[in-house]
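Have the sequence and the 3D view side by side before reading on. This report takes up charged pairs, a sheet and a helix contact in turn.

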Amino acid sequence: MPLPPEFHEIARRVNNWGRWGAEDEMGTLNLITDAVVREAVAGVRDGRRVPLALPLRQDGVQTGVIPGRINPLHTMVQINQELFGPGTVACSDDAVTFGLQAATHWDALTHVSHSGKLYNGRPAATITAHGGAEFSGIDKFGPVVSRGVLLDVARAKGLDRLDGSHAVTPEDLAEAEEFAGVTVRAGDIVLVRTGQIQVYLAGDRHGYGYPSPGLSVRTPEWFHARDVAAVANDTLTFEIFPPEIEDLWLPVHALDLVEMGMPQGQNWNLEELSRACAQASRHTFLLSAMPEPFVGGTGTPVAPVAIL
């Protein structure tokens with residue numbers, strides 16, 4: 001089923017192709033300038049560090065719905081092996097196999113395509129079985145450190161967790177922005193809390209993924225207007241699932257990654273951060289969310305840290 005006219009209308013309004021040049025592979029991460037980082041560092045007050053990643057474990061968030069996206073399979077390849085002879089120092093080594101988007105992760109700009117195109121008009125066919133993403137792979141992100149802003153949509157509404165049918169709208173984001181007493185600005189990384197990850201943390205892996213609150217197809221325009229550098233949230237699918245428009249699957253992915261060139265992250269645990277921001281009465285922080293530089297990768301696990 002072809003993408004509907006309303007999708008293409010939004011796509012035209014948020015399109016960033018050519019904005020940073022025809023060869024650009026970083027998209028909105030270009031908005032994280034040295035000045036933006038200096039201001040973010042200057043905003044650190046007490047040095048409290050809040051981890052935002054889920055543990056990498058075999059019984060993680062993946063349930064087999066997406067073929068090949070497996071939870072980590074951890075194998076010991078050496079256990080106390082004296083490599084250089086009896087009585088020498090013994091080594092233990094391990095290996096792991098897992099989907100790069102299995103747990104807390106960033107999506108690269110090449111994670112999805114539509115109409116045969118990737119970000120900046122690159123052909124989707126430039127992603128190959130052996131080379132992965134020729135352009136805009138996750139290794140092209142570079143360091144991801146900027147001011148983070150928590151838009152705690154659930155807490156702003158006086159809720160612990162949004163209902164599974166709730167599509168987070170631009171109005172919800174503005175309400176959370178006002179609740180936080182902050183103005184989202186160019187180069188910020190916005191974290192949107194729905195509370196949905198509580199379902200996974202309580203042991204319901206299937207209920208975590210479906211039904212799930214998430215971002216509305218209307219939100220890319222809100223982020224585009226504010227020149228946001230990247231967005232992450234605490235859900236499996238990022239956008240509302242099932243979709244708000246029947247048979248329009250992953251439209252927010254396509255608008256964010258393909259049209260805008262804006263990275264997005266999923267499965268971020270924002271529960272401790274929500275409490276910390278409420279206690280400190282501020283919702284901005286220095287955010288370090290460095291991608292693992294898998295060459296040609298269309299995603300990467302990440303262990304983000306918010307520093308208040």
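Does Asp59 count as buried, partly exposed or exposed, and at what relative accessibility? Asp59 counts as partly exposed, because its relative accessibility is 39% and that class lies between under 20% and over 50%. One caveat belongs here: the model is predicted.

## Charged pairs

Side chains of opposite charge can pair when their charged atoms come close. In this model the count is 14 salt bridges.

| Pair | N to O distance |
|---|---|
| Asp59 and Arg57 | 2.6 Å |
| Arg185 and Glu39 | 3.2 Å |
| Arg155 and Asp152 | 3.4 Å |

Start with Asp59. Its salt-bridge partner is Arg57. Arg57 has a relative accessible area of 42% and is partly exposed.

Now take Arg185 and Glu39, whose side chains also meet in a salt bridge. Arg185 sits in the loop between helix H4 (170–180) and strand E9 (189–193), while Glu39 belongs to helix H2 (residues 34–42). The pair therefore ties together parts that are 146 residues apart in sequence. Arg185 is partly exposed at 34% relative accessibility. Glu39 is partly exposed too, at 47%.

The bridge between Arg155 and Asp152 spans 3.4 Å from N to O. Here the two partners fall into separate classes. Arg155 is partly exposed, with a relative accessible area of 31%. Asp152 is buried, because its relative accessible area is 1% and the cut-off is under 20%. This bridge belongs to a network: salt bridges with shared partners join Asp152, Arg155, Arg193 and Glu271.

## The sheet

Which strands make up the open sheet, and in what order? Nine strands form it, in the order E1-E15-E13-E7-E9-E11-E12-E4-E14. The pairing is mixed. Strand E1 (49–51) and strand E14 (299–301) are the edge strands, each pairing on one side only. On average, neighbouring strands are turned by 25 degrees against each other, direction ignored.

Helix H4 packs on this sheet and touches strand E7 (145–152) and E9. The direction of H4 makes about 105 degrees with that of E7.

E7 has partners on both counts of direction. With E9, E7 pairs in the parallel sense over five bridges. In that pairing, Leu151 stands opposite Val192 of E9. With strand E13 (residues 284–288), E7 pairs in the antiparallel sense, again over five bridges. Arg147 has Leu286 of E13 as its bridge partner. Gly148 has Phe285 of E13.

How many of the eight residues of E7 are buried? Seven are, so E7 is largely enclosed by the rest of the structure. For E13, four of the five residues are buried, so this strand is largely enclosed as well.

E13 also pairs with strand E15 (residues 305–307): three bridges join the two, which run antiparallel. Leu287 has Ala306 of E15 as its bridge partner.

Elsewhere in the sheet, strand E4 (residues 105–107) meets strand E12 (residues 264–266). They pair in the antiparallel sense over three bridges. His105 stands opposite Gln266 of E12.

## A helix contact

Two packed helices are described by the angle between their axes and the distance between the axes. For helix H1 (residues 5–14) and helix H8 (residues 251–260), the axes come within 10 Å. They cross at roughly 30 degrees. The crossing of H1 past H8 is right-handed.

Which residues of H1 and H8 meet? From H1 come Phe7, Ile10, Ala11 and Val14. From H8 come Pro251, Ala254, Leu255, Glu259 and Met260. By type, the residues of this contact divide into eight nonpolar, no polar and one charged.

Notes. Residues are numbered from 1 along each chain as its sequence is written. This is a predicted model: local features need pLDDT of at least 70, side-chain atom pairs count only at pLDDT 80 or more; totals for chains, interfaces and linings use all residues. Side-chain values use heavy atoms; hydrogens and water are left out. Axes are lines fitted to C-alpha atoms, for helices over the stretch in contact, and angles run from 0 to 180 degrees between N-to-C directions. A crossing is left-handed if the near helix is turned anticlockwise from the far one by less than a right angle, and right-handed if clockwise. Contact means heavy atoms within 4.5 Å. Ala, Val, Leu, Ile, Met, Phe, Trp, Tyr, Cys and Pro count as nonpolar, Asp, Glu, Lys and Arg as charged, and the others, Gly among them, as polar. A salt bridge is a side-chain nitrogen of Lys or Arg within 4 Å of a carboxyl oxygen of Asp or Glu. Buried means under 20% relative accessible area, exposed over 50%, partly exposed in between (1.4 Å probe, protein chains only). Two strands pair if DSSP finds at least two bridges between them.
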